[in-house]
Amino acid sequence: MNHRIAIIPCAGRASRMGDIKLPKALSNIRGKPALHHLLESLDDYFSSYFIPINGDDYEKEIFQKNLPSKFIKKINFIKSIPGSGDGQAVLDAMSDKSFNKNASQVFVCWGDIYINKDNFIQSLISEAESHKTIESMLIPLRKTINPYVAYLFDDKKRISRVAFTRRGEIIEKGLTDLSMFFINPSLIYDSLFELKKLGSNIKVNKEIESELNFLDLIEFLYKKNRPVTYFEPNTEEAIFSFNTLIEAELINKSQIK
């Protein structure tokens with residue numbers, strides 16, 4: 001195994017999940033915590049995990065009680081403030097003194113996905129390794145209807161930015177991500193830090209958004225002439241995500257394995 005690192009942010013407020021007793025990433029999916037399933041899918045390929053969790057009400061013991069010890073040994077739990085944004089969670093992980101920015105591969109993956117296809121992660125890693133170097137970010141994308149976030153392109157077919165439904169940008173059909181990203185750690189760390197210093201100029205509900213949004217990096221890097229690249233893997237019944245209890249229950253009731 002090469003020295004690969006996975007960053008798995010699990011520090012969000014999970015407001016769309018409603019009143020839940022455990023962190024969203026520990027929601028029961030087919031008899032196990034969602035994060036347990038995710039770590040099982042990743043474990044053959046990654047040597048360490050950095051998992052940002054709620055720093056307001058530090059939840060390390062809750063995660064330790066709900067995950068097998070074989071995973072805990074490889075996890076660095078990172079305190080992160082919920083509501084500060086997924087970009088801040090990634091920045092918090094990369095700011096930890098034990099994080100190796102020279103790792104052979106750094107993979108960012110949200111903690112609310114369920115991988116349903118054997119060797120799917122291996123196929124993504126093989127694609128990433130075929131690129132030799134990742135200048136900024138390499139993102140697996142898929143076509144979908146009414147995407148929550150949609151990737152937009154310039155006339156040279158370079159990704160220029162991401163359109164957000166929650167910001168009033170409705171796209172009927174387009175490419176969206178799989179909640180997975182291969183990153184150039186040094187560049188992404190510096191870019192997140194710079195983006196944080198600049199602050200957000202995106203207005204949400206007539207107020208300035210204070211979160212450091214990870215996907216705002218897409219436009220930021222494009223304007224720096226370091227556009228992200230992408231590929232389209234076969235994702236049929238491979239990836240499922242949940243943001244509500246209903247969506248989690250749909251995974252539990254489905255006929256997937």
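## Proline 185

Proline 185 is placed in helix α6; helices here are DSSP runs of H or I with at least four residues, strands are runs of E with at least two, and both are numbered from the N terminus. Proline 185 is buried, at 9% relative accessible area. Buried stands for under 20% relative accessible area, exposed for over 50%, and partly exposed for what lies in between, with a 1.4 Å probe and protein chains only.

Setting aside neighbours within four places in sequence, proline 185 is in contact with Met94, Phe99, Lys101 and Val106, where contact means heavy atoms within 4.5 Å. Between the C-alpha atoms of proline 185 and methionine 94 the separation is 7.9 Å, although these residues are 91 residues apart along the chain.

## Model and overall make-up

This is a predicted model, in which local features need pLDDT of at least 70 and side-chain atom pairs count only at pLDDT 80 or more, while totals for chains, interfaces and linings use all residues. Residues are numbered from 1 along each chain as its sequence is written, and side-chain values use heavy atoms, with hydrogens and water left out.

The protein has eight helices and 16 strands. Of its 257 residues, 51% count as buried. Among contacts between residues at least 6 apart in sequence, 79% join residues at least 24 apart.

## Helices

The axes of helix α6 (residues 185-198) and helix α7 (residues 216-223) come within 11 Å and cross at roughly 100 degrees. Axes are lines fitted to C-alpha atoms, for helices over the stretch in contact, and the angle between N-to-C directions runs from 0 to 180 degrees. That makes the two helices roughly perpendicular, the class for 65 to 115 degrees; under 35 degrees is roughly parallel, over 145 roughly antiparallel, and the rest oblique. On the α6 side the contact is made by Leu187, Ile188, Ser191, Leu192, Glu194, Leu195 and Leu198, and on the α7 side by Asp216, Leu217, Phe220 and Leu221. These residues divide into eight nonpolar, one polar and two charged. Nonpolar covers Ala, Val, Leu, Ile, Met, Phe, Trp, Tyr, Cys and Pro, charged covers Asp, Glu, Lys and Arg, and the others, Gly among them, are polar.

Helix α1 (residues 34-42) is mostly covered, with seven of its nine residues buried. The buried residues of α1 are Ala34, Leu35, His36, His37, Leu38, Leu39 and Leu42.

## Aromatic rings

The whole structure holds nine aromatic pairs. Rings of Phe, Tyr and Trp (its six-membered ring) pair if their centres lie within 6.5 Å; planes under 30 degrees apart are stacked, over 60 edge-to-face, and the rest tilted. Tryptophan 110 and phenylalanine 181 form a tilted pair, 5.5 Å centre to centre with 55 degrees between the planes. Tryptophan 110 lies in the loop between β6 (105-109) and β7 (113-115) and phenylalanine 181 in strand β12 (residues 180-183), so the pair ties together parts 71 residues apart in sequence. Both tryptophan 110 and phenylalanine 181 are buried.

Phenylalanine 153 and tyrosine 230 form an edge-to-face pair, 5.5 Å centre to centre with 65 degrees between the planes. Phenylalanine 153 is in strand β9 (residues 149-153) and tyrosine 230 in strand β15 (residues 229-231), 77 residues apart. Phenylalanine 153 is partly exposed at 32% relative accessibility, and tyrosine 230 is partly exposed with a relative accessible area of 32%. Phe46, Phe107 and Phe182 form one aromatic cluster.
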